[in-house]
Amino acid sequence: MITAMRAVCPGSFDPMTLGHVDVVRRAAAMFDEVVVAVAVNPAKQGLFTVDERRDLIAGAVGDLPNVTTAAFSGLLVDWCREQGVGVIAKGLRSDTDYAYELPMAQMNRHLTGVDTVFLTADPAHTFVSSSLVKEVARGGGDVSAFLTPAVLDALRTKLG
Ligand code: PNS
(Lines give C-alpha, C1' and ligand atoms only; values in the text may rest on other atoms or scores of the structure.)
Protein backbone atom coordinates (compact mmCIF):
# COMPACT_ATOMS: atom_id res chain seq x y z
CA MET A 1 0.00 0.00 0.00
CA ILE A 2 1.33 3.42 -0.90
CA THR A 3 0.09 6.31 1.22
CA ALA A 4 1.22 9.92 1.16
CA MET A 5 3.14 10.66 4.32
CA ARG A 6 2.47 14.02 5.95
CA ALA A 7 4.93 15.13 8.59
CA VAL A 8 4.99 18.09 10.93
CA CYS A 9 7.97 20.11 12.09
CA PRO A 10 6.57 21.71 15.24
CA GLY A 11 8.17 24.42 17.34
CA SER A 12 8.10 27.94 18.65
CA PHE A 13 10.16 29.36 15.76
CA ASP A 14 10.63 32.69 17.57
CA PRO A 15 12.25 33.23 15.13
CA MET A 16 13.23 30.49 12.68
CA THR A 17 17.02 29.91 12.58
CA LEU A 18 19.15 28.29 9.89
CA GLY A 19 19.15 25.19 12.09
CA HIS A 20 15.36 25.03 11.69
CA VAL A 21 15.68 25.68 7.97
CA ASP A 22 18.10 22.77 7.60
CA VAL A 23 15.79 20.37 9.45
CA VAL A 24 12.73 21.44 7.44
CA ARG A 25 14.59 21.08 4.13
CA ARG A 26 15.81 17.61 5.05
CA ALA A 27 12.35 16.57 6.24
CA ALA A 28 10.87 17.88 2.98
CA ALA A 29 13.19 15.56 1.08
CA MET A 30 11.94 12.58 3.11
CA PHE A 31 8.20 13.09 3.33
CA ASP A 32 5.51 13.84 0.76
CA GLU A 33 4.32 16.88 2.68
CA VAL A 34 5.76 18.82 5.58
CA VAL A 35 3.81 21.30 7.67
CA VAL A 36 5.91 23.67 9.74
CA ALA A 37 3.58 24.27 12.68
CA VAL A 38 4.02 27.15 15.10
CA ALA A 39 2.87 26.35 18.63
CA VAL A 40 0.57 29.01 20.02
CA ASN A 41 1.23 29.40 23.72
CA PRO A 42 -0.84 32.19 25.32
CA ALA A 43 1.18 31.82 28.53
CA LYS A 44 4.44 32.58 26.72
CA GLN A 45 4.77 35.97 25.06
CA GLY A 46 7.15 35.63 22.15
CA LEU A 47 9.19 38.33 20.45
CA PHE A 48 7.41 37.72 17.14
CA THR A 49 3.68 37.21 16.71
CA VAL A 50 2.55 33.84 15.41
CA ASP A 51 1.69 35.42 12.04
CA GLU A 52 5.11 37.05 11.83
CA ARG A 53 6.76 33.72 12.59
CA ARG A 54 4.74 32.00 9.89
CA ASP A 55 5.65 34.70 7.37
CA LEU A 56 9.35 34.34 8.19
CA ILE A 57 9.11 30.55 7.88
CA ALA A 58 7.35 30.89 4.53
CA GLY A 59 10.07 33.25 3.37
CA ALA A 60 12.81 30.83 4.40
CA VAL A 61 11.39 27.55 3.06
CA GLY A 62 8.53 28.67 0.81
CA ASP A 63 10.52 27.63 -2.26
CA LEU A 64 9.88 24.01 -1.30
CA PRO A 65 6.65 22.95 -3.05
CA ASN A 66 5.70 20.38 -0.41
CA VAL A 67 6.11 22.65 2.61
CA THR A 68 3.34 24.72 4.20
CA THR A 69 2.97 26.55 7.50
CA ALA A 70 0.33 26.33 10.19
CA ALA A 71 -0.32 27.34 13.77
CA PHE A 72 -1.71 25.10 16.48
CA SER A 73 -2.74 25.33 20.10
CA GLY A 74 -3.41 22.55 22.55
CA LEU A 75 -1.84 19.16 22.19
CA LEU A 76 0.29 18.60 19.11
CA VAL A 77 -1.02 15.05 18.70
CA ASP A 78 -4.63 16.27 18.58
CA TRP A 79 -3.71 18.71 15.82
CA CYS A 80 -1.85 15.88 14.01
CA ARG A 81 -4.95 13.70 14.13
CA GLU A 82 -7.17 16.52 12.83
CA GLN A 83 -4.75 17.26 10.00
CA GLY A 84 -3.91 13.67 9.02
CA VAL A 85 -0.28 14.10 10.03
CA GLY A 86 1.40 10.79 10.88
CA VAL A 87 4.94 11.77 11.81
CA ILE A 88 6.60 14.44 13.92
CA ALA A 89 10.03 15.43 12.57
CA LYS A 90 12.43 17.27 14.86
CA GLY A 91 16.05 18.26 14.97
CA LEU A 92 18.34 16.94 17.68
CA ARG A 93 21.35 19.08 18.58
CA SER A 94 22.67 17.48 21.75
CA ASP A 95 22.09 15.09 24.62
CA THR A 96 20.24 17.94 26.34
CA ASP A 97 17.82 18.07 23.43
CA TYR A 98 17.49 14.30 23.60
CA ALA A 99 16.65 14.37 27.30
CA TYR A 100 13.98 17.00 26.61
CA GLU A 101 12.59 15.41 23.47
CA LEU A 102 12.53 11.71 24.39
CA PRO A 103 9.71 11.84 26.96
CA MET A 104 7.64 14.07 24.67
CA ALA A 105 8.14 11.66 21.77
CA GLN A 106 7.20 8.71 23.99
CA MET A 107 4.17 10.53 25.41
CA ASN A 108 2.99 11.54 21.93
CA ARG A 109 3.31 7.96 20.73
CA HIS A 110 1.49 6.70 23.81
CA LEU A 111 -1.36 9.17 23.28
CA THR A 112 -2.10 8.57 19.62
CA GLY A 113 0.57 6.36 18.09
CA VAL A 114 2.17 9.23 16.20
CA ASP A 115 5.90 8.61 15.90
CA THR A 116 8.70 11.13 16.15
CA VAL A 117 11.64 11.04 13.74
CA PHE A 118 14.78 12.83 14.85
CA LEU A 119 17.15 14.43 12.39
CA THR A 120 20.60 14.99 13.81
CA ALA A 121 21.53 18.63 13.57
CA ASP A 122 24.24 19.71 11.22
CA PRO A 123 27.35 20.30 13.37
CA ALA A 124 27.33 23.91 12.19
CA HIS A 125 24.05 24.42 14.02
CA THR A 126 24.43 22.46 17.25
CA PHE A 127 24.92 25.59 19.35
CA VAL A 128 22.25 27.66 17.60
CA SER A 129 18.87 28.30 19.22
CA SER A 130 16.26 31.03 18.80
CA SER A 131 16.64 32.09 22.42
CA LEU A 132 20.43 32.37 22.23
CA VAL A 133 20.24 34.24 18.94
CA LYS A 134 17.80 36.74 20.49
CA GLU A 135 19.97 37.18 23.57
CA VAL A 136 23.10 37.82 21.51
CA ALA A 137 21.25 40.17 19.15
CA ARG A 138 19.82 42.12 22.11
CA GLY A 139 23.37 42.55 23.37
CA GLY A 140 24.51 43.87 20.00
CA GLY A 141 26.30 40.70 18.87
CA ASP A 142 26.50 39.53 15.27
CA VAL A 143 23.97 36.76 14.60
CA SER A 144 24.03 37.00 10.82
CA ALA A 145 25.57 33.51 10.50
CA PHE A 146 22.51 31.90 12.04
CA LEU A 147 19.56 33.51 10.24
CA THR A 148 18.29 34.11 6.75
CA PRO A 149 18.72 37.74 5.64
CA ALA A 150 14.96 38.31 5.98
CA VAL A 151 14.86 36.94 9.53
CA LEU A 152 17.94 39.00 10.42
CA ASP A 153 16.23 42.14 9.09
CA ALA A 154 13.05 41.35 10.99
CA LEU A 155 15.00 40.75 14.20
CA ARG A 156 16.91 44.01 13.86
CA THR A 157 13.65 45.88 13.23
CA LYS A 158 11.99 44.23 16.20
CA LEU A 159 14.85 45.02 18.54
CA GLY A 160 15.15 48.56 17.23
O1 PNS B 1 10.61 25.06 19.65
P2 PNS B 1 10.18 24.42 20.96
O3 PNS B 1 9.68 25.48 21.90
O4 PNS B 1 11.25 23.55 21.56
O5 PNS B 1 8.95 23.48 20.60
C6 PNS B 1 8.34 22.67 21.58
C7 PNS B 1 6.93 22.24 21.11
C8 PNS B 1 6.08 23.48 20.88
C9 PNS B 1 7.05 21.46 19.84
C10 PNS B 1 6.32 21.35 22.23
O11 PNS B 1 6.36 22.02 23.44
C12 PNS B 1 4.89 20.96 21.90
O13 PNS B 1 4.68 20.03 21.15
N14 PNS B 1 3.92 21.69 22.48
C15 PNS B 1 2.52 21.50 22.21
C16 PNS B 1 1.77 21.04 23.46
C17 PNS B 1 1.89 19.55 23.64
O18 PNS B 1 1.51 18.76 22.81
N19 PNS B 1 2.43 19.17 24.82
C20 PNS B 1 2.62 17.79 25.20
C21 PNS B 1 3.92 17.23 24.66
S22 PNS B 1 4.11 15.53 25.07
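A salt bridge is a side-chain nitrogen of Lys or Arg within 4 Å of a carboxyl oxygen of Asp or Glu. I keep that in mind as I go, and I note that this is a predicted model.

**Entry: the whole structure**

**Entry: R6 and E33**
I looked up R6 and saw its side chain meet that of E33 in a salt bridge, 2.9 Å from N to O. The two residues come from distant parts of the chain: R6 sits in strand β1 (residues 6-11) and E33 in strand β2 (residues 33-39), 27 residues apart. I then checked accessibility. R6 has a relative accessible area of 21%, so I wrote it down as partly exposed. E33 is partly exposed as well, at 32%.

**Entry: K134 and D14**
Which parts of the chain does this pair tie together? First, the contact: the side chains of K134 and D14 form a salt bridge at 2.9 Å, N to O. K134 lies in helix α5 (residues 130-138), while D14 lies in the loop between β1 and α1 (18-30), so the bridge ties together parts that are 120 residues apart in sequence. Buried or exposed, I asked of D14? Buried means under 20% relative accessible area. D14 has 6%, so it counts as buried. K134 has 13%, so it counts as buried too. I also noted that D14, R53 and K134 are linked in a network of salt bridges.

**Entry: D115 and R109**
My last stop was the salt bridge between the side chains of D115 and R109, at 3.6 Å from N to O. D115 is partly exposed, with 38% relative accessible area. R109 has 52%, so I listed it as exposed.

Technical notes. Residues are numbered from 1 along each chain as its sequence is written. This is a predicted model: local features need pLDDT of at least 70, side-chain atom pairs count only at pLDDT 80 or more; totals for chains, interfaces and linings use all residues. Side-chain values use heavy atoms; hydrogens and water are left out. Helices (H or I, at least four residues) and strands (E, at least two) are DSSP runs, numbered from the N terminus. Buried means under 20% relative accessible area, exposed over 50%, partly exposed in between (1.4 Å probe, protein chains only).
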